[in-house]
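Welcome! Take a moment to look over the sequence and the 3D view before reading on, and keep both at hand as you go.

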Amino acid sequence: MWSPELVLATARAIQADVSRLLPAGEARDAERELTALLARADAGEEVVDELLACLRARAGTRDATFSLLRGERVGSYRPLLGAPLGAGGRYACPVSGCEEKGDRLDDSEPEPRCPDHSVRMQRL
Ligand SMILES: [Zn+2]
């Protein structure tokens, strides 16, 4: 699982750049949700699970969240702290020549399946 500090830092980085990560309509919704959740976090509430759910809900923020949590560079972001071992990962279809890729933010998510071949992807 991710540390609360890492999730909060990731959410703040994404909130600052949400208009670049998402189409305008989705960006407004995500901005409103993140602002509300981060305000609750500032007040001392435990909102890590809700933040992760919000960040996962849209493809643009999901991809950026995954990369930031894994310590990868995203646009102008500097990588945050390294990812804990065994948390999520990148996956690829095992069928030769297939380019499909998937990911899991953490082990609570199901392993991805290839949309073309309906097989379970393998962790890279
Ligand atoms: Zn495939």
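Just after helix 5, G71 takes up a positive phi of about 80°. Keep in mind that this is a predicted model.

- Helix 5 covers residues 59–69, and its buried residues are T61, A64, T65, F66, L68 and L69.
- An α-helix has 3.6 residues a turn, so residues three or four places apart point the same way.
- Which elements do the buried residues of helix 5 pack against? They pack against helix 1 (4–16), helix 2 (18–21), helix 3 (24–42) and helix 4 (48–56), and strand 2 joins that list too.

**The overall plan**

- Taken together, the secondary structure of the protein amounts to 5 helices and 3 strands.
- The protein has 124 residues, of which 23% count as buried.
- Among the contacts with a separation of 6 or more, 44% come from residues 24 or more positions apart.

- The 3 strands make an open sheet with antiparallel pairing, and their order is 2-1-3.
- Strand 2 and strand 3 are the edge strands, since each of them pairs on one side only.
- Strand 1 (residues 89–92) pairs with strand 2 (residues 101–104) in the antiparallel sense, over 4 bridges.
- Strand 1 and strand 3 (residues 122–123) also run antiparallel, and 2 bridges join them.

**Strand 1, residue by residue**

- Which residues of strand 1 lie on the covered face, and which on the uncovered one? G89 and Y91 are on the covered face, while R90 and A92 are on the uncovered face.
- In a regular strand the side chains alternate between the two faces of the sheet.
- On the covered face of strand 1, Y91 stands opposite G102 in strand 2.
- On the uncovered face, R90 stands opposite D103 in strand 2.
- A92 is also on the uncovered face, and its bridge partner in strand 3 is Q122.

Notes
Residues numbered from 1 in each chain as written. Predicted model: local features only at pLDDT ≥ 70, side-chain atom pairs only at ≥ 80, totals over all residues. Buried ≥ 20, exposed ≤ 12 C-beta atoms within 10 Å, placed from the backbone. Pairing = 2+ DSSP bridges. Contact = placed C-beta atoms within 7 Å.
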